[in-house]
Amino acid sequence: AVKLYYRLTNEEYLAGVESSVTVRAGERTETAVIRALIEGVPPLASNVSALFPSGTSIENTYYEKGILYVTLSKEVLDDSIIASEDYQSPEDYQQAVDEATREMYLRRRLGVLSIVNTIAGSDEGSRVQIMVDNEGSGTGSRMPYETFGFEKRQGEIMEPMGFDES
């Protein structure tokens, strides 16, 4: 049993949901927990929403010096939410694109924080480094904070993160 963090539906916050996670043979516990987050909301959970785009997968996880390195597939950066918006006029189009872009970055930021808070919340003092496998090589690259919607850290590359109360 572990507390998994999902988006509180229609809000800009995460909510913890107690859930049982099945760890497969040869799988790290941390990988199983992150897999559960990516697969979506557990049965019987209400008022919470999944955060990861379809097709997102875990490429790799490993611990080194108190940091869990998590490499996600490039699908985590899917931006099709922006192109999927319908519009009636150029003004409506721009408004729809702006709203979809804000929602995309909100989901990305909350997705990162859901992983970080789930892992760091169950292992006090641990930190998580999120990376993305853009080339399909199985190895990840650290991304700029703004790629995941962290506006206050523009121009900086993501560093390992601990539990975020905000």
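**Fold, pockets and an exposed loop residue**

Mentor: Glu135 lies in the loop that joins strand 6 (127-133) to strand 7 (141-142). The model under discussion is predicted.

Trainee: Does Glu135 count as buried or exposed?

Mentor: The cut-off for the exposed class is a relative accessible area over 50%. Glu135 has a relative accessibility of 62%, so the residue counts as exposed.

Trainee: What distance separates the C-alpha atoms of Glu135 and Arg28?

Mentor: Along the chain, Glu135 and Arg28 are 107 residues apart.

Trainee: In what order do the elements of the protein run from the N terminus on?

Mentor: The protein has 3 helices and 7 strands. Taken from the N terminus, their order is β-β-α-β-β-β-α-α-β-β.

Trainee: Why is the protein said to be as compact as a globular protein of its length?

Mentor: For 166 residues, the globule rule gives 15 Å. The protein is as compact as a globular protein of that length because its radius of gyration is close to that value, at 16 Å.

Trainee: What percentage of the contacts with a separation of 6 or more joins residues 24 or more positions apart?

Mentor: A contact here requires heavy atoms within 4.5 Å. Among contacts in the protein with a separation of 6 or more, the share from residues 24 or more positions apart is 57%.

Trainee: What percentage of the residues counts as buried?

Mentor: Buried residues have under 20% relative accessible area. Of the 166 residues of the protein, the buried share is 42%.

Trainee: Which element gives the most to the lining of the largest pocket?

Mentor: The largest pocket has a volume of about 530 Å³. Of its 20 lining residues, the closest to the centre are Arg109, Leu113, Phe150, Asp164 and Ser166. By class, the lining comprises 10 nonpolar, 3 polar and 7 charged residues. With 5 residues, the element that gives the most is helix 3 (residues 90-122).

Trainee: How many charged residues are in the lining of the second largest pocket?

Mentor: The second largest pocket holds about 240 Å³ of space. Among the residues that line this pocket are Glu12, Arg102, Glu103, Arg109, Glu146 and Glu151. Its lining has 3 nonpolar and 3 polar residues, and the number of charged residues is 6.

Trainee: What share of the accessible surface belongs to carbon and sulfur atoms?

Mentor: The accessible surface of the protein comes to about 9,400 Å². Of this surface, the share of carbon and sulfur atoms is 44%.

Definitions and conventions:
Residues numbered from 1 in each chain as written. Predicted model: local features only at pLDDT ≥ 70, side-chain atom pairs only at ≥ 80, totals over all residues. Heavy atoms only, no water. 1 Å grid on protein atoms, 1.4 Å probe; cavity = no way out; pocket = protein on both sides within 12 Å on 5 of 7 lines; lining within 4 Å. Points joined across faces, edges and corners; volume = space filled by probe spheres on them. Helix = DSSP H or I, 4+ residues; strand = E, 2+ residues; numbered from the N terminus. Nonpolar A, V, L, I, M, F, W, Y, C, P; charged D, E, K, R; others polar. Rg over C-alpha atoms; globule rule 2.2 N^0.38 Å. Buried < 20%, exposed > 50% of the residue type's maximum accessible area, 1.4 Å probe, protein only. Areas by Shrake-Rupley, 256 points an atom, 1.4 Å probe, with all protein chains shown as cover.
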